[in-house]
Amino acid sequence: MSRRREACLDRRLRIFGSLALLALVPAAARAHLASSGMGPFYDGVLHLLISPLELLGLATLTLLAGLCGRRAGRLAVLALPAAWLVGGLVGLALAVEISLPWWSALSLVVLGGLVALDVDLAPGIVGCLAAAYGAVAGLLDGAALESAGEGWVALLGSSVAVSLIVLLLLAAVVSLAAAWMRIAVRVAGSWMAALGLLMLGWLMRGDG
Amino acid sequence: MRWGRDRLGGRGGAVLALLGSSVLPAPVLAHVGPGEVGGFLTGLGHPVSGLDHVLAMVAVGVWGAQLSAPAIWMLPVAFPMTMAVGGLLALLGLPLPAVEVGIALSAVALGGLVLGRVRPPLALALAIVGAFALFHGHAHGTELPAGESAVLYSLGFVISTGLLHAGGIAIGLVERWPVGHVLLRLAGLVVLLGGLYFLLRAVG
């Protein structure tokens with residue numbers, strides 16, 4: 001292995017190590033489950049709708065998939081809710097409180113940055129991103145639902161809500177034809193990246 | 001007339017449906033977090049509470065419109081991101097020298113650039129706007145009132161800043177008319193004078 005390649009590998013390992021350390025920083029868990037008064041299914045829907053970071057992360061990933069074209073969008077529509085459901089079931093089964101606010105903020109920075117830069121990712125990569133994001137977000141969702149005493153019906157509610165949000169937002173973004181509308185999406189991406197950066201700051205200060 | 005009656009009938013049906021829906025039982029959501037709602041509104045109102053900030057934000061949009069594509073959208077994309085970096089620096093406790101002077105200077109410089117219809121290369125325009133955005137983020141992005149949601153405060157703050165840019169771009173659209181050139185230059189002069197006022201206050 002050449003020295004240059006070794007140095008590159010070393011640098012990557014350091015970055016991943018730093019990110020892994022960030023994930024280990026303790027943070028207050030917030031189950032923030034509100035009762036909809038209409039049963040566990042709608043409790044799950046409401047749980048997603050009143051979690052701004054999760055909702056914004058979901059929206060940003062959907063904007064990215066939409067900007068990458070129809071094929072990427074179709075993959076995201078399938079992968080994200082499915083992975084959310086699977087991750088959620090794992091979260092329910094684990095029965096431990098998991099809170100990764102760093103992950104939410106970092107994903108906003110990365111995904112928002114990709115949207116702002118209008119990076120044209122291959123559909124397969126978008127599908128993998130959607131599956132990975134859905135799995136982690138679903139895991140957190142499932143764990144929060146479990147800690148609030150809810151079960152798979154609430155998880156089904158949040159997964160259905162995820163499907164609907166992704167589907168509606170994707171349909172809106174994929175069909176954008178005018179250049180200025182794509183620019184508006186990119187501006188929204190820059191706002192999300194900015195929000196993620198500020199959230200990282202708040203978390204480091206202990207206010208997040 | 002038949003069309004009119006049908007239409008009236010349709011409206012009547014809609015009114016009945018609305019009345020009917022109003023007597024349906026609905027869940028009461030007593031869990032609205034006042035801190036969370038307040039956080040968003042505080043964030044939304046914060047950028048417009050300081051005239052120095054408003055002048056610079058609007059000037060960014062106007063200058064972008066003067067420079068036309070791609071600067072018209074690249075400046076408003078770059079500004080919030082670098083502004084957030086400024087906020088991040090402040091939250092990490094990393095000081096930035098003469099923040100208030102920097103904010104006032106941003107209004108002076110951006111006003112001067114609009115007044116002079118200066119057209120630098122895109123990279124330089126981005127660097128200028130980005131450098132000033134650091135000061136704005138450092139000064140204003142971190143003033144979260146106690147008990148309010150940091151996420152929603154930051155969201156409101158970023159959206160409000162973006163809307164100020166959009167206002168500047170909307171003003172800048174008069175650029176397409178010959179008289180618009182003059183009006184924009186006058187607007188640039190106003191921003192420059194406002195910036196000078198804030199600069200004198202910051203130094204004095």
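User: Leaving aside neighbours within four places in sequence, which residues is Ala59(B) in contact with?
Analyst: In this predicted model, Ala59(B) is in contact with Ala107(B), Leu110(B), Gly111(B), Val114(B), Gly168(B) and Val191(B), once its neighbours within four places in sequence are left aside.

User: Which residues have the most contacts inside the largest nonpolar core?
Analyst: Ala59(B) is one of them, and Ala130(A) is the other. That core has 122 residues.

User: And which helix gives the most to this core?
Analyst: H4(B) does, with 15 residues.

User: Tell me about that helix. How many residues has H4(B), and what does it span?
Analyst: H4(B) has 21 residues. From its first C-alpha to its last it reaches 30 Å, close to the 30 Å expected at 1.5 Å a residue.

User: Is H4(B) mostly covered or mostly open?
Analyst: Mostly covered, since 20 of its 21 residues are buried.

User: What comes just after H4(B)?
Analyst: Gly93(B), which takes a positive phi of about 80 degrees.

User: Now chain A. How many helices and strands does it have?
Analyst: Chain A comes to eight helices and zero strands. From the N terminus on, its elements run α-α-α-α-α-α-α-α.

User: What about chain B, how many there?
Analyst: Chain B has eight helices and zero strands. Its elements, read from the N terminus, run α-α-α-α-α-α-α-α.

User: How many residues are in chain A, and what percentage count as buried?
Analyst: Chain A has 208 residues, of which 49% count as buried. In chain B, buried residues make up 47% of the 204 residues.

User: Of the contacts in chain A with a separation of 6 or more, what percentage is between residues 24 or more positions apart?
Analyst: The figure for chain A is 88%. For chain B, among contacts between residues at least 6 apart in sequence, 89% join residues at least 24 apart.

User: Back to helices. What span does H6 of chain A reach?
Analyst: H6(A) covers residues 123-147, which is 25 residues. The helix reaches 36 Å from its first C-alpha to its last, close to the 36 Å expected at 1.5 Å a residue.

User: Why is H6(A) called largely enclosed?
Analyst: Because 19 of the 25 residues of H6(A) are buried, the helix is largely enclosed by the rest of the structure.

User: Which residue with a positive phi follows H6(A)?
Analyst: Gly149(A) follows H6(A), and its phi is near 85 degrees.

User: Does Gly124(A) count as buried or exposed, and why?
Analyst: Gly124(A) counts as exposed because it has 11 C-beta neighbours inside 10 Å, and the cut-off for exposed is 12 or fewer.

User: How far apart are Gly124(A) and Leu75(A)?
Analyst: In sequence, Gly124(A) and Leu75(A) are 49 residues apart. In space they are 7.7 Å apart, C-alpha to C-alpha.

Note on methods:
Residues are numbered from 1 along each chain as its sequence is written. Chains are lettered from A and ligands numbered from 1 in the order in which they are written. This is a predicted model: local features need pLDDT of at least 70, side-chain atom pairs count only at pLDDT 80 or more; totals for chains, interfaces and linings use all residues. Helices (H or I, at least four residues) and strands (E, at least two) are DSSP runs, numbered from the N terminus. The expected span of a helix is 1.5 Å times one less than its number of residues. A nonpolar core is a set of buried Ala, Val, Leu, Ile, Met, Phe, Trp, Tyr and Cys residues joined through C-beta atoms within 7 Å. Two residues are in contact if their C-beta atoms, placed from the backbone, lie within 7 Å.
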